[in-house]
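Trainee: I've never looked at this one before. Could you show me how to read a few of its features?

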Amino acid sequence: MLPKISLVLGGAASGKSAYAENLVLSMGLAPIYIATAQSFDDEMTAKIAAHQEARDAKWHTIEEPIDLPAVLAQRSSDQAVLIDCATLWLSNLLLGAHDLDARCADLVTALQNCDAPVAVVSNEVGQGVVPDNALARRFRNAQGRLNQQIASIADRVVVVMAGLPMTLKDQSQ
């Protein structure tokens, strides 16, 4: 069962997207996949194509790299939403010189106001070494803050490691 807001965390290639997809599909509502990735090279183009191929026709995909609040505002209670992922969305904002604090606050508000249940996929980036450059450190810190903000309003927070989910918070029961 998907609560109003779920946060699914994990490292790269941890299985977090597959877990979140199954969560959304388990609701029996119309599944909406909000893809935040942008392709700037061949590797990312291939990764996006692989994700698209893995989803079947029951998913309605919306590609939105920047304005997640506007897309969430258009969702209805007969839908279940997957945002994949907050990490790429944040990267898009950072590289586009957006006001990160304001945009993150807007996303949190939009999640709370969305009529559909939402699962947000995000990377846990704070368990590695301290990045060696200012941009990477700024991103890591912003990602940590965003994850904390979403976790604070989420009904359920799950971390996925090696394809195995571990519940950190569950207020959906």
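This is a predicted model: local features need pLDDT of at least 70, side-chain atom pairs count only at pLDDT 80 or more; totals for chains, interfaces and linings use all residues.

Trainee: Is Gln-149 buried, partly exposed or exposed?

Mentor: Buried means under 20% relative accessible area and exposed means over 50%. Gln-149 has 32%, so it counts as partly exposed.

Trainee: How should I read backbone angles?

Mentor: Most residues other than glycine have a negative phi, and most peptide bonds are trans. Here, Ala-13 has a positive phi, near 55°, and Ala-162 also has a phi near 55°.

Trainee: Where are Ala-13 and Ala-162?

Mentor: Ala-13 is in the loop between strand E1 (5–10) and helix H1 (16–25), and Ala-162 is in the loop between strand E6 (156–161) and strand E7 (164–170). Ala-13 is exposed because its relative accessibility is 84%; Ala-162 is exposed too, at 75%.

Trainee: And which residues does a cis peptide bond join?

Mentor: Asp-84 and Cys-85, with omega at about 5°. You'll find Cys-85 in the loop between strand E4 (79–84) and helix H4 (86–95).

Trainee: Last one: which residues form a negative surface patch?

Mentor: Asp-67, Asp-99, Asp-101 and Asp-106. Asp-101 belongs to helix H5, residues 100–113, and with a relative accessible area of 54% it is exposed.

Definitions and conventions
Residues are numbered from 1 along each chain as its sequence is written. Side-chain values use heavy atoms; hydrogens and water are left out. Buried means under 20% relative accessible area, exposed over 50%, partly exposed in between (1.4 Å probe, protein chains only). Patches are made of residues with over 30% relative accessible area and no salt bridge: like charges are joined within 9 Å, nonpolar side chains (Val, Leu, Ile, Met, Phe, Trp, Tyr) within 5 Å. Accessible areas come from the Shrake-Rupley method with a 1.4 Å probe; for residues, only the protein chains shown count as cover. A salt bridge is a side-chain nitrogen of Lys or Arg within 4 Å of a carboxyl oxygen of Asp or Glu. Lys and Arg count as positive and Asp and Glu as negative; His and the chain ends are not counted. The place of a charge is taken as NZ of Lys, CZ of Arg, CG of Asp or CD of Glu. Helices (H or I, at least four residues) and strands (E, at least two) are DSSP runs, numbered from the N terminus.
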